[in-house]
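Here are my notes on the model you asked about. Have a look at it first, then read on.

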Amino acid sequence: MSDEAAAADLAESADVAAARRLQRALMASGHGRPEGDRCPICFDLIELPVKKHSKIKTCCMKQVCNGCIFAARQRDINNRCPFCRTLLPGDDTSKLAMVQKRVHKKDADAIYFLGDQYYYGMLGLAKNVPRAIELWTEAAELGSLDAHFQLGLTYYKGLGGVEEDKPRCIHHWQQAAMKGHAPSRHNLGVAEHETGNYELAVQHWMISAKMGDEKSLISIQLMFKEGHATKAQYAEALLAYRDAVEEMKSPQREEA
């Protein structure tokens with residue numbers, strides 16, 4: 001064997017070992033949702049999907065659950081943020097100014113949010129996908145799990161004219177999943193399923209289902225019906241999912 005061939009074999013072995021270490025870390029971490037998924041008022045985890053069951057406030061960039069928003073309205077707190085009590089802006093220009101103020105302070109959530117506005121052309125901004133990706137990338141570097149998730153989606157499907165890049169996509173979802181981001185974990189399961197790695201897909205979905213992700217539970221149910229998941233796995237996921245959902249319920253959230 002030539003020196004070049006031996007070096008290539010060593011490099012390949014190192015890559016395989018690194019991939020195995022990453023896979024072990026991926027499966028051993030991220031089993032609990034991040035603190036950012038808790039409502040800052042009631043401190044309970046927000047139901048999944050978070051954006052459906054809460055609203056982000058542009059004044060403080062806090063994700064307030066619908067239950068606490070409902071409770072604030074019952075106390076006639078209608079024109080102020082239920083968390084920081086800032087007077088709510090009445091127009092897009094004022095909202096954008098609030099967001100940009102926090103962006104200048106390197107607030108990861110604000111940078112991610114501004115990226116969304118550029119991607120969809122909201123708050124009076126012209127749609128600008130390259131600018132959105134630039135902002136999401138900065139937010140991800142600052143620790144935004146939602147930014148990692150959105151970058152993953154963009155690269156996985158080649159959205160908005162972006163060139164498809166599956167390895168880059170998977171990297172972003174892995175980074176978020178290891179810190180408890182349930183949607184990213186679910187999508188890793190989808191990616192493994194698409195390549196025929198059913199066992200690994202089920203392992204990912206077991207983790208996200210136990211965090212209260214309904215799509216993951218449904219995926220496990222389908223895998224059970226197709227013979228790729230065991231009855232014990234489905235039963236375990238179902239019970240854990242129910243427990244997670246029950247813990248996120250509250251009277252005010254039910255009313256909302």
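**Notes on the model**

1. Let's start with helix H2 (residues 66-74), where Gly 67, Cys 68, Ile 69, Ala 71 and Ala 72 are buried. Buried here means under 20% relative accessible area, exposed means over 50%, and partly exposed is in between (1.4 Å probe, protein chains only). The buried residues of H2 pack against S1, strand S2 (62-65) and helix H12 (251-255). Just after H2, Asp 76 has a positive phi of about 65°.

2. Some ground rules: this is a predicted model, with pLDDT of at least 70 needed for local features and 80 or more for side-chain atom pairs, while totals for chains, interfaces and linings use all residues. Residues are numbered from 1 along each chain as its sequence is written, and side-chain values use heavy atoms, leaving out hydrogens and water.

3. The overall picture: the protein has 12 helices and 2 strands, in the order α-β-β-α-α-α-α-α-α-α-α-α-α-α from the N terminus. Both kinds of element are DSSP runs numbered from the N terminus (helices are H or I, at least four residues; strands are E, at least two). The C-alpha trace spans about 75 × 45 × 25 Å along its principal axes. Of the 256 residues, 43% are buried.

4. On the strands, S1 and S2 run antiparallel and are joined by 4 bridges; strands count as paired if DSSP finds at least two bridges between them. Lys 55 sits opposite Val 64 in S2. The hairpin has 4 residues between its strands, and Met 61 takes a positive phi near 60° there.

5. The UniProt record, an unreviewed entry, annotates residues 39-85 as "domain: RING-type". UniProt positions follow the numbering used here, feature names are shortened, and annotations may be inferred rather than shown by experiment. In the model this span is 19% helix and 17% strand, and its end C-alpha atoms lie 15 Å apart.

6. How many disulfides are there? The count is 0, taking a disulfide as a pair of cysteine sulfur atoms within 2.5 Å. For Cys 59, which is in no disulfide, the nearest cysteine sulfur is that of Cys 84, at 3.5 Å. The sulfur of Cys 81 has its closest cysteine sulfur in Cys 59, but 3.6 Å is too far for a bond. Cys 59 is buried at 13% relative accessible area, and Cys 81 is buried at 0%.

7. Is Asp 37 buried or exposed? Asp 37 counts as buried because its relative accessibility is 12%. Asp 37 lies in the loop between helix H1 (3-28) and strand S1 (54-57). Leaving aside residues up to four places away in sequence, Asp 37 touches Asp 44, Leu 45, Ile 46 and Val 50, where contact means heavy atoms within 4.5 Å.

8. Lys 105 is another loop residue to check, between helix H3 (92-104) and helix H4 (108-120). With 62% relative accessibility, Lys 105 counts as exposed. Lys 105 and Cys 68 are 37 residues apart in sequence and 27 Å apart in space, C-alpha to C-alpha.

9. Finally, the largest nonpolar core has 34 residues, of which Leu 114, Ile 133, Trp 136 and Trp 173 touch the most other members. H3, H4, helix H5 (129-141), helix H6 (145-157), helix H7 (166-177) and helix H8 (182-194) each supply at least two of its residues. Such a core is a set of buried Ala, Val, Leu, Ile, Met, Phe, Trp, Tyr and Cys residues joined through side-chain atoms within 4.5 Å.
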